[in-house]
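Colleague: I have the model open and would like to go through it with you. Could we start with a single side chain and work outwards from there?

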Amino acid sequence: MMSYFYLALAIVAEVIATSSLKATEEFTKPLPTVLMVVGYMLAFYFMTLAMRTIPLGVTYAIWSGLGIVLISTVGVFLYNEKLDLPALIGMGLIIAGVVVMKLFSKTLNT
């Protein structure tokens, strides 16, 4: 169960890092740049801890899938970006895919 906690930390760190990436303004803003670098370092570190028991492909699928949804949500609220219906449907399918993997995949029951 700790592996999923580490994976959650990796996802949160990646979302913070990617959200900061836009705020770096092409690496001209020091604080967002440092936040981005540290966030990505933590994301990859926690992801390696998660991969102790979760297979690589599954770890990456969950990490990237949930990252996409969360980053898109941050974009809406922090950067006033708009999501159209196809984007929302696509993100719904990503979430459904993660749920299907968690509920039905024997690969995740390690």
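Colleague: Which backbone oxygen lies 2.8 Å from a polar atom of the side chain of S20?

Modeller: In this predicted model, the backbone oxygen of I16 lies 2.8 Å from a polar atom of the S20 side chain. A polar contact here is a pair of N or O atoms within 3.5 Å, where within protein one must be able to donate a hydrogen and the other to accept it, and residues adjacent in sequence count only if both atoms are side-chain atoms.

Colleague: What thresholds and numbering are you using?

Modeller: Local features need pLDDT of at least 70 and side-chain atom pairs count only at pLDDT 80 or more, whereas totals for chains, interfaces and linings use all residues. Residues are numbered from 1 along each chain as its sequence is written, and side-chain values use heavy atoms, with hydrogens and water left out.

Colleague: Is S20 buried or exposed?

Modeller: S20, which is found in helix α1 (residues 2-23), counts as buried because its relative accessibility is 6%; buried means under 20% relative accessible area, exposed over 50%, and partly exposed in between, with a 1.4 Å probe and protein chains only. Not counting residues up to four places away in sequence, S20 touches P32, L35 and M36, a contact being heavy atoms within 4.5 Å.

Colleague: Moving on, how many helices and strands does the chain have?

Modeller: There are four helices and zero strands, in the order α-α-α-α along the sequence. Helices (H or I, at least four residues) and strands (E, at least two) are DSSP runs, numbered from the N terminus.

Colleague: And which residues touch the most other members of the largest nonpolar core?

Modeller: Among its 16 residues, those are L7, I11, I62 and W63. The elements that give two or more residues to this core are α1, α2 (30-50) and α3 (56-78), and α1 gives the most, with six residues. A nonpolar core is a set of buried Ala, Val, Leu, Ile, Met, Phe, Trp, Tyr and Cys residues joined through side-chain atoms within 4.5 Å.

Colleague: What does L7 contact beyond its neighbours within four places in sequence?

Modeller: L7 is in contact with A50, I54, T59, I62 and W63.

Colleague: Changing topic, how many salt bridges does a search of the whole structure find?

Modeller: The search finds one, between E81 and K22, with the closest N and O atoms 2.9 Å apart. E81 lies in the loop between α3 and α4 and K22 in helix α1, so the pair ties together parts that are 59 residues apart in sequence. The criterion is a side-chain nitrogen of Lys or Arg within 4 Å of a carboxyl oxygen of Asp or Glu.

Colleague: How accessible are those two?

Modeller: Both E81, at 35% relative accessibility, and K22, at 47%, count as partly exposed.

Colleague: Which residues form the nonpolar patch on the surface?

Modeller: L83, L85, L88, I89 and L93 form that patch, with about 490 Å² of accessible area together. L85 lies in helix α4 (residues 85-104) and is exposed, with a relative accessible area of 58%. Patches are made of residues with over 30% relative accessible area and no salt bridge, with like charges joined within 9 Å and nonpolar side chains (Val, Leu, Ile, Met, Phe, Trp, Tyr) within 5 Å, and the areas come from the Shrake-Rupley method with a 1.4 Å probe, where for residues only the protein chains shown count as cover.
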